[in-house]
Each structure stands twice: as C-alpha cells, then as structure tokens.
Amino acid sequence: MTILPVIVMILVFVPSIVLMVSMPYLTRETISFGITVSAAQFHSEPLHQMRKSYARVSAALHTILFIVCILCLIYSDEHSKQQSWIIVTYSLAMLIFSLVINISYNFKMKSLLPILPIAPEGTIMAVDTGVQKRNIGLSSIWFLIHALVIVVSIVTVLRHYNLIPDQIPIHFNSSWDVDRYAAKSFSFVFMPVIIQVLLTLLFLFENWSIRRVKQQVQPADPNRSIRQDITYRRAWSYFMITASFLLVILFSVVQLNMISLLNINFAIPVILIIIAFIILYAFALTFWAGQVESRLERSADSANARPVHDEDQWKLGMIYFNHKDPNLIVKKRFGVGWGLNFGHPVVWLICVGIIVLLVVVR
C-alpha cells in the first residue's frame with residue numbers, strides 16, 4: 001500500500017480530533033456541555049475537572065479508533081474497495097463516538113448542576129435589534145465569482161465533449177491508478193458542476209444566515225458584546241466565501257482531470273493543497289474565536305455575565321427545537337458555528353430535499 005491514504009487521513013481527521021477534544025475549552029463561559037451555567041460556575045473546580053475528564057476520555061477513544069483505522073489501511077488491499085470502506089466506516093464510528101461522549105457528559109452536567117455554587121444572576125436580557133443592518137461580513141455578491149468559474153467549467157466541457165474518451169475514470173486506488181470507469185454521458189461529465197452548484201448554494205445560504213441569526217447581548221457590557229458578535233460573524237463570512245471558492249476550484253480540477261484536460265500528477269497536489277488550506281483555516285479560526293466569539297475580547301468582569309436560560313428548546317444540549325422561533329439558523333450550544341432550528345418546518349423540507357437529491361444523484 002502507498003503512504004498517501006495515511007497522509008490524507010492525518011491531514012483531514014487529526015485536526016478534527018483535536019477540535020473535538022478541545023471543545024469544552026472553546027465554549028462560552030455561560031454554557032457547559034449544552035447546559036446553561038453562570039460564568040462563576042463555569043470556572044468552578046467540579047466543572048474544571050469535568051472538562052479535563054472529557055478531554056482525556058475523548059482523546060483516548062478517538063486516538064485508539066484512529067490507530068485502528070490506520071492499521072486497517074496499511075494491511076488492506078489497495079486495489080480493491082477496502083480502503084474506501086475503511087475510511088467511510090471510520091468516519092461514521094468517529095461521529096457515533098463523539099455523539100455518545102457529548103450526550104453522556106450532557107447528562108453528567110445535568111446531575112452535577114444542583115450541587116454547583118449558586119451565583120447571583122440578573123434577569124435582564126438585551127438584544128441588538130440593529131444587527132441585520134450592520135455591515136457584517138462579505139456581501140453575497142462575491143458568489144458571482146463562483147458562478148463565473150462554474151460557467152467557464154461548463155463551456156470548457158461542452159467545447160471538448162467530443163474529444164472526451166468513451167470511458168471516463170471515476171475512481172482511483174491509493175496509488176492513484178484508475179480502477180473504475182464509467183461510460184461517457186452528460187450526467188457523469190457534469191457531475192462535478194452539479195456539486196459545484198450545490199456547494200455554492202449551500203455556502204450562499206450560510207453567508208446569508210450569518211447576517212440574520214439572532215443575537216443576544218450581555219447587558220453588563222453590551223458594546224463589547226456587539227463588537228465580539230460582529231467580529232465573529234465577519235470572520236466566518238470571510239471563511240464561507242474563501243472555502244466555497246476553493247471548493248469550486250477543486251471540483252473544476254477534478255472535472256478537467258476526468259475529461260483528460262489535466263494530468264493526474266498535477267491535479268492531486270492541487271486538490272490536497274486546497275483541502276489542507278481549508279482545514280487549517282477552519283482550525284485556526286476556531287481556536288482564535290472559540291464557540292460563538294467566546295475567545296474574542298475577553299472581559300475582566302466576565303464572571304458577572306448573565307446566562308440565558310432556554311434549556312427546554314435544546315434537546316440533549318445539541319439539537320435546537322423551537323417551533324415558535326422564526327429563525328432557521330441559531331448559534332450552537334456545543335460545537336462551533338451555527339446550527340438549524342429543527343422546530344421550523346422549512347428545515348425539515350430542506351432535509352427531505354437533500355435526501356431526495358442524494359438518492360436521485362446516486
């Protein structure tokens with residue numbers, strides 16, 4: 001077997017493992033494992049020990065799982081589909097491990113909460129009603145550049161369609177030798193374009209949502225809270241534009257290789273560089289900003305921050321379900337970025353649409 005699959009595994013999954021292990025230390029000071037706490041409680045010794053315990057357990061389990069996956073890759077048959085199935089199985093196992101660990105610590109947090117020291121809390125919650133009018137992030141007009149690249153890809157394929165071989169390579173083994181072909185057809189040739197369009201629409205929606213997700217302002221220091229929120233949204237907006245553009249370029253490279261206009265020895269390094277850059281960009285941004293701006297412009301009086309109690313709307317501390325909330329997108333309680341409001345009927349329509357689209361494409 002070649003060393004390349006192992007390099008790709010390390011490049012893609014090691015940063016993900018580090019983020020999952022570090023997540024309790026990146027969270028905001030009024031949320032602990034999906035449960036509302038005061039900042040004073042967050043820094044109490046019991047929760048400090050719980051975060052250390054989470055990091056140890058998560059690191060141990062994910063490290064063992066990762067090593068098993070690497071060993072399976074090393075001893076697998078690179079000329080069969082074994083390696084693909086190993087990576088898919090590992091991805092699912094990693095997701096299940098993470099969910100089980102997060103849910104178990106959410107229950108532990110609920111049982112620990114009654115014995116934590118009680119801190120005086122205010123009852124006032126502030127909201128910045130002008131957040132949607134502020135200049136937050138990049139305009140969605142930037143996605144016109146993505147559209148231009150997609151149009152160029154379409155024109156290039158149409159101009160060279162008659163020169164495309166009757167058998168198109170669609171799968172490579174770990175040595176990057178073609179091991180599976182498909183008969184030339186518009187559906188196969190334009191599959192990368194379809195993926196480009198779907199990714200662009202997805203990131204366009206995410207960038208649009210960044211401006212409209214509701215904001216909660218800390219009454220103790222509203223100006224600082226607003227600055228944190230704007231900086232956080234702007235930083236992730238830049239990431240959405242950059243990452244989506246690079247992914248569009250990536251699939252253009254894939255398509256040019258499929259139709260024999262680009263050599264595989266040039267395409268593979270370009271693809272790996274793009275993937276590495278996106279992962280490292282997200283990694284650095286997460287550790288810089290934390291969960292929903294928790295690491296930006298920390299205040300000395302953060303212990304006086306007032307938590308917002310809405311446990312009833314969060315299932316297992318991770319899934320937001322509130323049919324009275326008109327927002328499709330909300331800030332996550334556990335994890336980084338934004339999540340969906342599964343109490344909104346439009347979200348379920350989107351999920352059903354994605355499933356139907358995947359079935360049709362397959």
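A helix here is a DSSP run of H or I with at least four residues, numbered from the N terminus. Helix axes are lines fitted to C-alpha atoms over the stretch in contact, and angles run from 0 to 180 degrees between N-to-C directions. This is a predicted model, in which local features need pLDDT of at least 70 and side-chain atom pairs count only at pLDDT 80 or more, while totals for chains, interfaces and linings use all residues. Residues are numbered from 1 along each chain as its sequence is written, and side-chain values use heavy atoms, with hydrogens and water left out.

Let's start with a pair of helices. Helix 3 (residues 45–74) packs against helix 4 (residues 82–112) at an angle of about 165°, and their axes are 10 Å apart. Helix 3 and helix 4 are therefore roughly antiparallel, a label for angles over 145 degrees.

Now look for disulfides, meaning pairs of cysteine sulfur atoms within 2.5 Å. Searching the whole structure gives zero of them. C69 is buried, at 4% relative accessibility, whereas C72 is partly exposed at 37%. Buried means under 20% relative accessible area, exposed over 50%, and partly exposed in between (1.4 Å probe, protein chains only).

Finally, find L204 in helix 7 (residues 191–212). L204 is partly exposed, with 29% relative accessibility. Beyond its neighbours within four places in sequence, L204 is in contact (heavy atoms within 4.5 Å) with S140 and F143. The C-alpha atoms of L204 and I141 are 9.5 Å apart, although 63 residues separate them along the chain.

Note on methods
Helix = DSSP H or I, 4+ residues; strand = E, 2+ residues; numbered from the N terminus. Parallel < 35°, antiparallel > 145°, perpendicular 65-115°, else oblique.
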